[in-house]
Amino acid sequence: MNQPAHIVIIGAGIVGAASAFHCLQAGLRVTLVEPGVPGDEQASSYGNAGWLSSHSVLPPAYPGVWKKVPAWLIDPLGPLSIRLHYLPKALPWLVRYLAAASTYVRIERTARALRTLLADAPALHQVMADAAGVGYLIERKGLLHAFLSRGHFEQDAKAWEIRRREGIEWEELDAAALHAREPDLSPHYTFGVYTPEAGSCRNPGAYTAALIEYARSKGATLVRTTATGFRIEQGRLRAVLTTEGEIACDRAVIAAGARARALALQAGDAVPLETERGYHAVVSPVTVGPRTSTMFADQKVVVNSMEQGLRIAGQVEITEADDTPNWRRAEILREHLQTLYPGLPRDLAPEHIKIWMGRRPSTPDALPCIGVASATADIIHAYGHGHIGLVGSARTGRLVAQLASGATPEIPLKPFSPQRFR
Ligand SMILES: Cc1cc2nc3c(=O)[nH]c(=O)nc-3n(C[C@H](O)[C@H](O)[C@H](O)COP(=O)(O)OP(=O)(O)OC[C@H]3O[C@@H](n4cnc5c(N)ncnc54)[C@H](O)[C@@H]3O)c2cc1C
């Protein structure tokens with residue numbers, strides 16, 4: 001009898017975890033390589049906002065956003081900032097980032113591709129979470145966008161129109177309807193958009209950890225080390241190299257999030273992957289907050305009631321992945337939380353506030369890299385999900401398993417090709 005193919009998955013964030021889940025289901029032998037504790041603070045998957053937003057099909061940039069670049073450089077505490085010393089390195093990425101969203105035709109193309117990846121995401125996550133015994137972490141009761149006024153929503157009308165063309169439905173809430181749903185919300189917000197198809201996760205770190213534990217219970221091995229490269233002979237992968245030695249294998253998946261770039265290069269693909277750092281603040285115990293997890297369009301933050309407390313997450317800071325965090329950013333998030341939910345206690349003791357900084361793995365065109373490597377089809381790229389890595393991980397895991405086992409991918413992978421930047 002043939003031995004099942006052995007696949008090494010590099011990185012045990014949510015993309016690695018979902019890949020392990022589906023590779024095991026496809027009958028592959030799975031080894032996970034991860035230096036940290038799976039789902040812990042080193043992973044972006046630990047501290048995100050928990051949005052399973054199948055409607056998040058638009059890139060973060062939009063036409064004309066280049067006019068804001070000077071402000072991004074001047075204001076280190078704005079919702080988006082670029083650290084000045086890093087600008088020369090970030091510039092090529094930034095130019096591509098602005099160009100990719102410079103027209104609505106381009107944005108619509110991105111939306112069409114992302115919709116194929118994200119459609120049904122809450123249901124796909126529910127299946128995985130149920131299997132891993134943490135189905136209760138997935139909530140499927142929609143998501144809310146809060147606007148200061150209907151006028152502010154209408155400024156975004158073209159973006160919402162693109163969503164409508166992708167089959168995304170929503171309900172508009174006037175001030176009375178919004179505050180009936182969200183009694184703790186600041187009265188400054190007078191218009192809401194509710195997207196019923198979306199969902200959220202009450203503890204993304206615990207969810208990731210549970211998927212890894214489930215994979216281990218089904219036979220996967222977790223090796224606590226760092227992958228450094230590949231041994232490829234005659235076009236076939238022979239082993240993944242690690243700081244502790246080689247792991248012989250037939251396939252490998254690069255799921256190392258914001259650290260994937262060097263591995264991708266070793267697999268023959270120069271990918272312009274940047275780190276969009278973000279922050280969160282969690283306050284506990286939760287006394288007030290949203291009934292439905294809410295994004296605030298003006299502040300570009302999400303507030304979600306989670307197992308650990310009330311989490312506010314957001315901010316984009318483009319700099320070296322390992323630059324010192326600017327914790328003032330997390331404090332600003334905490335201050336926003338107070339403004340958004342005025343009923344929160346004003347003077348919370350430090351032990352009731354927890355802050356975190358994470359690294360979104362971001363491509364300039366807001367599309368992840370999913371596909372086989374140039375050096376050998378035995379290596380699969382699965383990273384670069386930027387702002388949508390949690391929601392997008394479920395189908396990514398399925399695609400990884402399909403590529404690894406020679407099945408036809410369930411969606412067209414051309415828009416996600418790791419070779420598209422050549
Ligand atoms: C503030 C914030 C809010 C966000 N909110 C949302 C949201 O609401 N919804 C959403 O969908 N997305 C959100 N995101 C984005 C999402 O968190 C990421 O896209 C996603 O977590 C990326 O998952 P990943 O598995 O690719 O990377 P990670 O979670 O970063 O995991 C990568 C893992 O690879 C390991 N690794 C790295 N290098 C190596 C190596 N050489 N060898 C072995 N292992 C290695 C790392 O230790 C890490 O554990 C948010 C991000 C931030 C920062």
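Thr287 lies in the loop that connects strand S15 (274-283) with strand S16 (294-296), in what is a predicted model. With a relative accessibility of 53%, Thr287 counts as exposed, because the cut-off for that class is over 50%. Once its neighbours within four places in sequence are set aside, Thr287 is in contact with Leu344 and Pro345.

Ser186 sits in the loop between helix H9 (175-181) and strand S8 (191-195), and its relative accessible area is 2%, so Ser186 is buried. If residues up to four places away in sequence are not counted, Ser186 touches His179, Thr339, Leu340 and Pro342. Ser186 is thus a buried loop residue, whereas Thr287 is an exposed one.

From Thr287 the reader can move on to Arg398, which is 111 residues away in sequence and, computed from C-alpha to C-alpha, 39 Å away in space. Arg398 is one of the residues of helix H13 that meet helix H6, and the contact between these helices brings together Ala121, Leu124, His125 and Met128 from H6 with Leu390, Val391, Ser393, Ala394, Arg395 and Arg398 from H13. Sorted by class, the contact of H6 with H13 comprises six nonpolar, two polar and two charged residues.

The geometry of this pair can be followed along the helix axes. Those of H6 (residues 121-131) and H13 (residues 389-404) come within 9 Å and cross at roughly 70 degrees. Angles of 65 to 115 degrees count as roughly perpendicular, and H6 and H13 are therefore roughly perpendicular to each other. As for the hand of the arrangement, H6 passes H13 in a left-handed crossing.

These local features belong to a protein with 13 helices and 21 strands. Along its principal axes, the C-alpha trace spans about 65 × 45 × 40 Å. Finally, among the contacts in the protein with a separation of 6 or more, 75% are accounted for by residues 24 or more positions apart.

Key: Residues are numbered from 1 along each chain as its sequence is written. This is a predicted model: local features need pLDDT of at least 70, side-chain atom pairs count only at pLDDT 80 or more; totals for chains, interfaces and linings use all residues. Side-chain values use heavy atoms; hydrogens and water are left out. Axes are lines fitted to C-alpha atoms, for helices over the stretch in contact, and angles run from 0 to 180 degrees between N-to-C directions. Helices (H or I, at least four residues) and strands (E, at least two) are DSSP runs, numbered from the N terminus. Angles under 35 degrees count as roughly parallel, over 145 as roughly antiparallel, 65 to 115 as roughly perpendicular and the rest as oblique. A crossing is left-handed if the near helix is turned anticlockwise from the far one by less than a right angle, and right-handed if clockwise. Contact means heavy atoms within 4.5 Å. Ala, Val, Leu, Ile, Met, Phe, Trp, Tyr, Cys and Pro count as nonpolar, Asp, Glu, Lys and Arg as charged, and the others, Gly among them, as polar. Buried means under 20% relative accessible area, exposed over 50%, partly exposed in between (1.4 Å probe, protein chains only).
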